[in-house]
Amino acid sequence: MTSLWKERSPAAPRPRRWLEFARRGAVVAGFFSAVIGLVLLAGHLAFPTDDPLKSIALKALKDKLHENPADEALKQQIRAFDLQSRQAYFRHLNLNRAGAWLLIGGAALFLLSTRKVSAAAEKLPAPKLVPDGAEREARMTALARWAVAGSGSVVVVSMLALAAAHRPPLPDDMQALEKLLAGGGAPTRPEVTAFVAGQWTNWPRFRGPLGTGVAFTTNAPLTWNATNGEGVVWQVPVPAKGHSSPIVWGNHVFLTGGDAKARVVMCFDSNTGTLLWQKTAPPPPGGFAKETEVPEDTGFAASTPATDGTRIFASFATGELVAFDFSGNVVWSKHLGVPENPYGHGTSLLVWQDRLIVQFDQGEAEMGKSRIYAFDTSTGRELWQQRRALSSSWGTPIVIEQGSRKQLIAVGDPLLIAYDVSSGAEMWRADCMGSDLAPSPVFAGGMVIVASPNKQLTAIRPDGQGDVTTTHIVWKLEDFVPDITSPVATDELLFTVTTSGLLGCVDVKSGKKVWDYDLRQDFNASPTLVGDRLYLFGLKGESIVLAAGREAKELARGRVGEPVHASPAFVGGRVFVRGAKNLFCLGEKK
Amino acid sequence: MMWLSVSSLLYFGFYRKGCICPIGAPQNVVLALFSSNYTVPLTALAFFLLPLVAALFFGRSFCAGVCPHGAIQDLVLVKPVILPRWLEQALGVLPYAFLGLGLLFAATGSAFIICRWDPFVPIFRRTGSFTILLIGAAFLLVGMFVGRPYCRFLCPYGALLKLAGKVSKWRVLITPNLCTQCKLCEKACPFGAIREPSPEPPPRPALAAERRRFAALLVALPLLVLTAGWVGSKFAVATSGVNAQVNLAERHLEAKAGNAPKEPTKPEQVALARAARSESELFPAAIAARKNLALGGWILGGGFGLFVGLHLLGFSLWTRRVDWEPDAGDCVACARCFRSCPQELIRLGIAPPEIPQPSAAPGAPKPAHG
C-alpha cells in the first residue's frame, strides 16, 4: 500500500520504455481488434449462416421426396446436401467462435495498454473555488427538474407514438373477433336481428325460446280429444320415427326422425299439417365404418332440432350435424363422430344469437372425449370449443343473462358448468350432479336449478367464479327429483314430474316442498308453463292441465290417444304435439 | 477493486455465461407471484433477494463487487467524462421505465425482456442476437468514456438497488473523520455520484415559491398518474405481440386475411406454433392475455407517472449535507474516491509528509466509515 501514493504521483516518473511499449501495444491491439471486428461483421452480413433446419433448398428436396417416396437417388441427394449444409453451418460457427476469442483477447490487450497510457497522462485535479454555491445549486436543480420532466415526457410520448403507429390485428374481445372472422367487422347480420326479435313468438328449440319450458303465449287451449277430433286443428302421420320434440317458426313445424339407414329432417305446414319436405342428413365423407347401434328407447333422433329463423339445425345419434334452409337445401353439414353414449345421443341443440351450441358429452370422464361447441349458424365454422372432463349426459344447455354476463349453463356428470357463451371460457362450476343426467337446467328466481336423478334438486346462484360448490349453492332437495323430464318454474314455484307421474311443487326461494300430486300416468315429456297453467302430456296418451299455484288443482284433461315422449310446442294459441305415430296441432280451428 | 472486477467478470460473466444474474431475477419473482403455473427457482429468489437486502444495509456493494455487467464496464473505462447533472437526472429515469416494462411482460407471462435485451450476456456467451451484440458493443464503446452507462441509465436491477441504497445505514462514506473539502473525491468518481455540501437554505421568498411549486405538482400528480396509466395501457396493447399467445393469434389472423405472416422467431413462439392449437383454444387465450397486458399497462404507466411526479417533487425538498459524500442511491461502492481522499490516506498511515493534518471543525459530523 505504500506504493499507492507513489504510483499516482507525478513526482514518481514512469519508466519511459514501458510507456512507449504500452502506447505501441495499444495501437497494435486496437488495430487488430478493429480488423477482427470488421471481419466478423462482414462475415455476418455477407455470408448469413444457413441454418440446415431452415434450409429452403433442403425443404424443396424433401417436398419432392414426398411426391416420390421411392426415389433412392433423391434420398441420397438429400442426405449429401444435409451433411454438406450441416458441415458448413458448424464450420461457420467455429470460425465465429474463434473470431470472438481473438476479438476479446485483442480488446483486453488494447484496454490494458490504453489504461496504462491514460494513467501516465493523468494530471492531478485542480478543483476551482465556486463562489456562489446557492445560486449554482438553484440553477442546477431547475435544469435537472426540466430534464427529468423532459425525459419522462419523452418516454410517455414515445409509448403513445408506438401505440398509435401499431394497430394490432387481434381485436380486443371475442365478439369483435367473431365479427372480424365473419366478414371484416360487419355489423350483426340482419337474420340474427330478426331471429332475436322473433324467437319469443315462435318455438325455436327444445322447451321454447329460453329452453326452460316456459311459453310466451297465454292463450293456449285447455281441452281436446283426438279420438273425436274435438280441439284438433289437424293431425298427420309422421313418416320417420323419433323422440325429438317439434319446433315451430312462422308457418313451419320441424321434426327429425330416422333409423340406422337414414336420418331425416321433416318440415310441415303449421296451418295444414302438410309435409312440405323431408330431407336426409348427409353422411360423413367416406360413409360410416359400421352401422351405429343405439337403444330402441332412445332411437336415432332423440335430439330436438333448433332454428335461427332462417336455417334448421339437426343432430343425430350417428354424429351428423346439419343445417338446412327452410326450403330443405343443405347449407352446411359436418360430422362430429359417433358419440360413445350408452343410451344414445339425446342432448338437443340451442341457437343463441348467431351461434349454434352443441353439447356433445360421451364416454367416461377420463376418456376426455366430451366437448361443447359453438358454431357459426351461417357457415358452420367453429367459433369455440371446450373440452369437458365429464361423462355422458343427455340434458340440454340453456343461456341465461346475469347482469352483463351471458352464461351457457350445461349439466354434466358430475359437474354443472357455466361458460361465457361468447368465448367459451369457463365461468364457474359446481360439483352437484350425478350420473344418468337427462333433465335440463332451468333458471328461475335468480337461480339456476338442476335435477340430478337419484340424487337431488339443487339451486345455485350464478354470480360466482371458479368452483362455487361450497359458496353458491342455496338449497338442495332430495325429493321430487325427476329422472327423464326437466323441471319448469316460475320465480316462486318449481314443478317437477317423475317418470312414474308424481308431480311435485317446491318453493323456489327456500327449496321447501309445497305440495305433491299423483298424476297416475307415466311421463317422458317435460312439463310446460303457459301463463298460470301447467301442461303435461303422458305416455298413456292423456294430457293434464293444472294450475301453477300453491295448491294442487287440476283444470282439465285431454286425449291425443297415443303415447307422447316429446315435449310440446306452444305457439299462437296452438299446441304442437308429437305422438308416437302422429303430429297433432291442438287448438281452435279457424 | 480491479482484480475483483476481473474475477467477477471471469467467473460470473465468461464462466457462468451471465446466467443466472440478479438483473433478470425480478422477472422470475414477479411471474411466480402472478402465475400459479410457475414456481420461482430458489437460486433465482436468492439472487434477487441477497443483493437487495445487502443494499438495504450497506448500499450497492453488489454493483461494484459481484456484478459481471458492472465489472466489464469498469474494465473498459479508460478516460471518464463527467456528465452534467441534468443529463444524469434525465437518463436516470430510463432504468425505471425498463424495469416497469420487464415486470409487466413477466407478470403477464409474455416474455423476460430484461434478459432478452441484456447487452452483455451475448458477449459473455460469444453468441446471440446480432442486434443485441451490436448494442453490447456500443455500450462498451461508450463505456470507455462514460462510467458504467448500462448500470446508470438502463439496468433495471440497479434501479431497485438504487432505491434500497437510499435507505442504507452503513453505506460507504468517504472520509473517516473529517472532510477537508478538497473536492478530490468528486474528480475521482467517474459516475458522478459524489454530492457537494448543500448551500444555505434558500431565502424566504424563494422558499415560498418553492412551496407553491411543490403544491401545484402535488395537485397535478393524480392527473399525471392517470394520463401515464392510459398511455401505458395503449402501449401494452400495441406491444402485446411480445406475448406468444397473442403473437400466434395475430399471425394466424394475418394468414387468414391472406397476408403472409412473419415466421415466429422466439423459442416460446415457435413452441406454441408447433403445439397446433385450435382457434377456439387460441383466440380466447390470446384475448385474455391481451386484457391482462392492458390492465398491467395501466399499472405500469401509472407507476411510471407516479415515479416521475415524486422525482419532480423531490427537487423541491432541501437536503442538508455538510461534507462531500457519495449519493446513497448513485454510489456503486467502487471505492475509487478513497484513493483520492487525503484523510483516508492519513488514516491508513500512508500520507506523504507534505499533506497537512486536518483540525476538527466544531460540530462537524463524524460518519462511520464504509
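**The contact between chains A and B**

Mentor: In this predicted model, the contact draws 49 residues from chain A and 53 residues from chain B. On the side of chain A that touches chain B, at least two residues each come from α1 (3–8), α4 (72–121), α5 (133–165), α6 (174–183) and β14 (382–388) of chain A. Of these elements, α5(A) gives the largest share, with 21 residues.

The axes of α3 (residues 42–58) and α12 (residues 156–166) of chain B come within 6 Å and cross at roughly 30 degrees; because angles under 35 degrees count as roughly parallel, α3(B) is roughly parallel to α12(B). The crossing in which α3(B) passes α12(B) is right-handed. From α3(B), the residues P51(B), L52(B), A55(B) and L56(B) meet L160(B), L161(B), A164(B) and G165(B) of α12(B), and the residues of this helix contact divide into seven nonpolar, one polar and no charged.

Returning to chain A, we can follow the strands. Strand β15 (residues 398–402) of chain A runs antiparallel to strand β16 (residues 405–410) of chain A, and five bridges join them, with R405(A) in β16(A) as the bridge partner of Q402(A). β16(A) also pairs in the antiparallel sense with strand β17 (residues 416–420) of chain A, over four bridges, and here L408(A) has Y419(A) in β17(A) as its bridge partner. Five residues lie between β16(A) and β17(A), which together form a hairpin.

Further along chain A, four strands build an open sheet with antiparallel pairing, in the order β19-β20-β21-β23 (chain A). Its edge strands, each pairing on one side only, are β19 (442–444) and β23 (473–477) of chain A, and neighbouring strands of the sheet are turned by 25 degrees against each other on average, direction ignored. At one end of that order, β19(A) and strand β20 (residues 447–452) of chain A run antiparallel and are joined by three bridges, and M447(A) in β20(A) is the bridge partner of A444(A).

Conventions: Residues numbered from 1 in each chain as written. Chains lettered and ligands numbered in written order. Predicted model: local features only at pLDDT ≥ 70, side-chain atom pairs only at ≥ 80, totals over all residues. Pairing = 2+ DSSP bridges. Axes fitted to C-alpha atoms, helices over the stretch in contact; angles between N-to-C directions. Contact = placed C-beta atoms within 7 Å. Parallel < 35°, antiparallel > 145°, perpendicular 65-115°, else oblique. Left-handed = near helix turned anticlockwise from the far one by under 90°. Nonpolar A, V, L, I, M, F, W, Y, C, P; charged D, E, K, R; others polar.
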